[in-house]
Amino acid sequence: MVSIDRTGKAKAMRKMILDVKKKLDDGSTIIIFPEGTRKKVKMWKTGFYYIALKAKVPILPVAFDYKNKNVIVHSLFYPTGNIK
């Protein structure tokens, strides 16, 4: 687990990109929760997307449906730079 100091956003982003590259070099898997919190949100934060883009790694969206006790694994994709 890596905690993030959100006060220096650009610095935190650069550190995460370096950490992701280093972890992947040793065969690790990185999990980032794009909500940025543990409560329900309407919009995700975008840092995870830019970290994957700069680190040149794919994103595997996974959803937890707590009500129905299901885990939904979506298709793997590589970010293109077009966040929309």
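Hi everyone, let's start with the second largest pocket, which has a volume of about 190 Å³. Keep in mind that we are looking at a predicted model. The chain averages a pLDDT of 80, and 85% of the residues score at least 70. Among the elements, helix α1, residues 9-25, has the lowest mean pLDDT, at 76, while strand β2, residues 70-73, has the highest, at 92.

Back to our pocket. What lines the second largest pocket? You'll find K42, M43, W44, K45, T46, F48, Y49 and I83 there. Sorted by class, that lining comes to 5 nonpolar, 1 polar and 2 charged residues.

Two of those names, F48 and Y49, take us to helix α2, residues 47-55, whose buried residues are F48, Y49, I51, A52 and A55.

Now for the rings: we have 2 aromatic pairs. In one of them, the ring centres of Y49 and Y50 are 5.5 Å apart with the planes at 85°, and because edge-to-face means over 60 degrees, the pair is edge-to-face. Y49 is buried, at 6% relative accessible area, whereas Y50 is partly exposed, at 32%.

And how are the planes of F64 and Y66 arranged? They lie at 20°, with ring centres 6.2 Å apart, so this pair is stacked. F64 counts as partly exposed at 46% relative accessibility, and Y66 counts as exposed at 68%.

How values were computed: Residues are numbered from 1 along each chain as its sequence is written. This is a predicted model: local features need pLDDT of at least 70, side-chain atom pairs count only at pLDDT 80 or more; totals for chains, interfaces and linings use all residues. Side-chain values use heavy atoms; hydrogens and water are left out. Buried means under 20% relative accessible area, exposed over 50%, partly exposed in between (1.4 Å probe, protein chains only). Helices (H or I, at least four residues) and strands (E, at least two) are DSSP runs, numbered from the N terminus. On a 1 Å grid over the protein atoms alone, a cavity is a set of points where a 1.4 Å probe fits but cannot get out, and a pocket is an open set with protein on both sides within 12 Å along at least five of seven lines; lining residues have an atom within 4 Å of a point. Grid points are joined across faces, edges and corners, and a volume is the space filled by probe spheres set on the points. Ala, Val, Leu, Ile, Met, Phe, Trp, Tyr, Cys and Pro count as nonpolar, Asp, Glu, Lys and Arg as charged, and the others, Gly among them, as polar. pLDDT is the predictor's confidence in each residue, from 0 to 100. Rings of Phe, Tyr and Trp (its six-membered ring) pair if their centres lie within 6.5 Å; planes under 30 degrees apart count as stacked, over 60 as edge-to-face and the rest as tilted.
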